[in-house]
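Hello,

Here is the structure I said I would pass on. Please have it open while you read the notes under it.

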Amino acid sequence: MQTEKNKDKTLRQDTESCILADCSLCPRNCHVDRTAGKTGYCGMDQKVKIARAALHMWEEPCISGTRGSGAVFFTGCNLRCCFCQNREIAIGDSGLEITEERLAEIFLELQEKDAANINLVTGTHYIPQIIAALDCAKKHGLNIPVVYNCGGYENTETLKLLDGYVDIYLPDYKYAESELAVKFSHANDYPERAMEAVNEMVRQTGMPQFDAEGYMKRGTIVRHLILPGHTRNSKKVLKLLYKTFGKQIYISIMNQYTPVFEQKEYTELNRCVTRREYEKVLDYAFELGIENGFFQDGETARESFIPAFDYEGVRKMP
């Protein structure tokens, strides 16, 4: 006779298989059967692959703090931007296959290391498996905030599956100009889909909340990475976000763009953002009246922001 626990597991597995058998988790809507080993735009089938699970010190101060964020870097990506600084995992060249049970253990191991939170980095294509792992981990004592760290190109119906699981959303808002979204990420509908996604994220998290140590407990932080030669796009992004959400979100303005390989077609991306470009965007943010935000001091573009995808924390210790 099947126990209630086994029934729940079977039901979850059936639901997960149903979603992945006709995958439309992200706006690419590939409709491929990932349970049959097929892959869509993200490059991944149903097997979970991660490249690193470790304390990460380079997120916003309220995410990393002094304890570090428990960052889990998933292999694959639904955007695969031409300038991606995590390219080796985005295109699937790095990552080890793990089970959902092992993923749950990894969450708990990061908590044992005193991580401020569990930081799910680019996990859109694994949302059903992540939910299963979080359910398992919470039954075994996981009690720190969960951060969903993504490129912003999300389906709102998929995000609704995360309601009650995610405490902090950390999306990018890369482009207000659809022509740039097409050129760099092959996603002409990025501005619309990202705005819909942030709306859903804010609906779920509400106003930002912080604990006594300054760590975020709930809320949404929207990141924008300035691209060299494209300050007009950055200004449009800031205006759109601030006029739409005001103090409901924090906005993180980043100048850390690092060219990690030579661009043949978009040669403007072969350099870092200049101090003048960054100051121009920051001045505009102050002009708009943005107060809830983060910015980076000085020349922060450097490859130290790009972690080593060496499988740290992925393999189970003997």
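This is a predicted model: local features need pLDDT of at least 70, side-chain atom pairs count only at pLDDT 80 or more; totals for chains, interfaces and linings use all residues.

Strand S2

Strand S2 covers residues 69-74, and six of its six residues are buried, so the strand is largely enclosed by the rest of the structure. In a regular strand the side chains alternate between the two faces of the sheet. In S2, Ser69, Ala71 and Phe73 point one way, while Gly70, Val72 and Phe74 point the other way. Residues on both sides are buried, which here means under 20% relative accessible area.

S2 pairs with two other strands. Strand S1 (residues 48-56) runs antiparallel to S2, and six bridges link the two. Strand S4 (residues 118-121) runs parallel to S2, with four bridges between them. Here Val72 has Leu120 in S4 as its bridge partner.

Helices H8 and H9

Two packed helices are described by the angle between their axes and the distance between the axes. For H8 (residues 190-205) and H9 (residues 231-245), the angle is about 35° and the axes are 12 Å apart. The crossing of H8 past H9 is right-handed.

Which residues of H8 and H9 meet? From H8 they are Met195, Val198, Asn199 and Val202, and from H9 they are Leu240, Leu241, Thr244 and Phe245. Sorted by class, this contact has six nonpolar residues, two polar ones and no charged ones.

Regards

Terms used
Residues are numbered from 1 along each chain as its sequence is written. Side-chain values use heavy atoms; hydrogens and water are left out. Axes are lines fitted to C-alpha atoms, for helices over the stretch in contact, and angles run from 0 to 180 degrees between N-to-C directions. A crossing is left-handed if the near helix is turned anticlockwise from the far one by less than a right angle, and right-handed if clockwise. Contact means heavy atoms within 4.5 Å. Ala, Val, Leu, Ile, Met, Phe, Trp, Tyr, Cys and Pro count as nonpolar, Asp, Glu, Lys and Arg as charged, and the others, Gly among them, as polar. Buried means under 20% relative accessible area, exposed over 50%, partly exposed in between (1.4 Å probe, protein chains only). Two strands pair if DSSP finds at least two bridges between them.
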